[in-house]
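Hi,

Here is the structure I promised to pass on. Have a look at it first, and my notes follow below.

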Amino acid sequence: MKFEYNQENNIVGEQLSAWFGVKCSYAEAGVKEDSNSGTIDVVADVKTERVVVLGGSGFVGSAVCKAAVSKGVEAISLSRSGRPSYSSSWVDQVTWMSGDVFYANWDEVLAGATAVVSTLGGFGSEEQMQRINGEANVVAVTAAKDFGIPKFILISVHDYNLPSFLLSSGYFTGKRKAESEVLSKYPTSGVVLRPGFIYGKRRVDGFEIPLDLIGGPLERFLQATENFTKPLSSLPGSDLLFAPPISVDDVAFAVINAITDDDFFGIFTIEQIKEAAAKARV
Ligand SMILES: NC(=O)c1ccc[n+]([C@@H]2O[C@H](COP(=O)([O-])OP(=O)(O)OC[C@H]3O[C@@H](n4cnc5c(N)ncnc54)[C@H](OP(=O)(O)O)[C@@H]3O)[C@@H](O)[C@H]2O)c1
């Protein structure tokens with residue numbers, strides 16, 4: 001079998017897989033048979049995806065980096081702590097950058113990126129929550145847009161059907177501020193994922209907390225009882241009990257789907273995140 005590529009700067013021959021390894025995806029490919037030589041030529045436009053994961057060392061961010069590596073997407077993480085202390089083969093395949101999003105050298109971080117994923121967010125005082133859920137993401141969206149990055153994916157949160165006085169906390173107002181920044185700067189490519197409780201194995205100070213021991217069974221239980229709980233869903237705050245948890249891998253693969261599918265943009269609910277993950281896993 002012989003390979004040739006129809007763009008001048010692309011690599012010819014089996015060197016491609018050796019040089020780029022799994023970091024290439026094939027946007028369009030055609031196969032033609034050469035009747036004289038009996039060889040088959042594969043003609044392909046090679047599209048390399050390169051994702052910058054803000055907070056790639058965190059719980060969700062590391063799952064995104066791992067899923068990216070597994071799907072041949074090049075991953076670069078930016079977080080203050082940089083490379084995680086544990087070792088794993090996927091960890092070696094990620095580029096780990098140390099830095100604070102508020103003082104980042106964006107030229108260095110975003111060079112060559114085709115998408116940015118932000119997992120920045122968290123709890124604390126009102127001021128801290130506004131800063132990390134809202135302002136940090138606004139800074140990142142602005143930098144990505146100015147740099148010409150075509151896609152921005154934000155990990156936000158389900159609103160839990162909470163009464164408005166609770167939604168006015170810094171956590172939720174920060175999230176909504178970040179969401180509107182993504183959707184206004186990226187109206188035709190921005191992605192906002194709104195998961196509820198995310199389960200998986202969370203690493204804290206070298207220990208693994210198996211949130212999946214609770215999250216997995218709870219997700220299945222809520223799915224099985226959905227028909228009974230649906231009538232209660234209009235009650236304020238009811239989703240605190242009934243919104244299904246989602247696995248961290250589903251969130252990560254939904255991100256991969258968002259990176260690779262140009263028709264995937266807008267706001268995505270818990271159910272839609274699961275559907276998107278299923279598509280990316282194929
Ligand atoms: N976990 C859940 O159940 C859940 C549910 C719904 C939504 N979410 C949302 O999902 C997102 C990810 O959550 P998570 O649980 O993965 O959080 P996490 O484990 O705390 O990860 C946050 C990441 O952001 C990085 N970070 C924080 N401040 C930063 C800064 N100033 N500059 C650069 N990096 C910074 C952290 O690394 P450093 O500290 O080393 O910088 C860490 O890598 C958050 O937005 C959260 O609100 C989570």
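The buried residues of α4 are Met 129, Ile 132, Asn 133, Gly 134, Ala 136, Asn 137, Val 139, Ala 140, Val 141 and Ala 144. Buried here means 20 or more other C-beta atoms within 10 Å of the residue's own, with C-beta atoms placed from the backbone; helices are DSSP runs of H or I, at least four residues, and strands are E runs of at least two, numbered from the N terminus. Their cover includes β4 (50-54), α3 (106-110), β7 (115-118), β8 (152-155) and α6 (170-185).

This is a predicted model, so local features need pLDDT of at least 70 and side-chain atom pairs count only at pLDDT 80 or more, while totals for chains, interfaces and linings use all residues. Residues are numbered from 1 along each chain as its sequence is written.

Back to α4: there is a bend of about 30 degrees at Ile 132 (the angle between axes fitted to the seven residues ending there and the seven starting there). After the helix comes Gly 148, with a positive phi near 80 degrees.

α4 (126-146) also supplies at least two residues of the shell around the ligand, as do α2 (59-70) and β5 (74-79). The biggest share, 3 residues, is from α2.

On confidence, mean pLDDT (the predictor's confidence in each residue, from 0 to 100) is 84 for the protein, with 83% of residues at 70 or more. Residues 1-35 stay under 50. Where pLDDT is low, the predicted coordinates should not be read in detail.

Cheers

Methods:
A residue is buried if 20 or more other C-beta atoms lie within 10 Å of its own, exposed if 12 or fewer, and partly exposed in between; C-beta atoms are placed from the backbone. Two residues are in contact if their C-beta atoms, placed from the backbone, lie within 7 Å.
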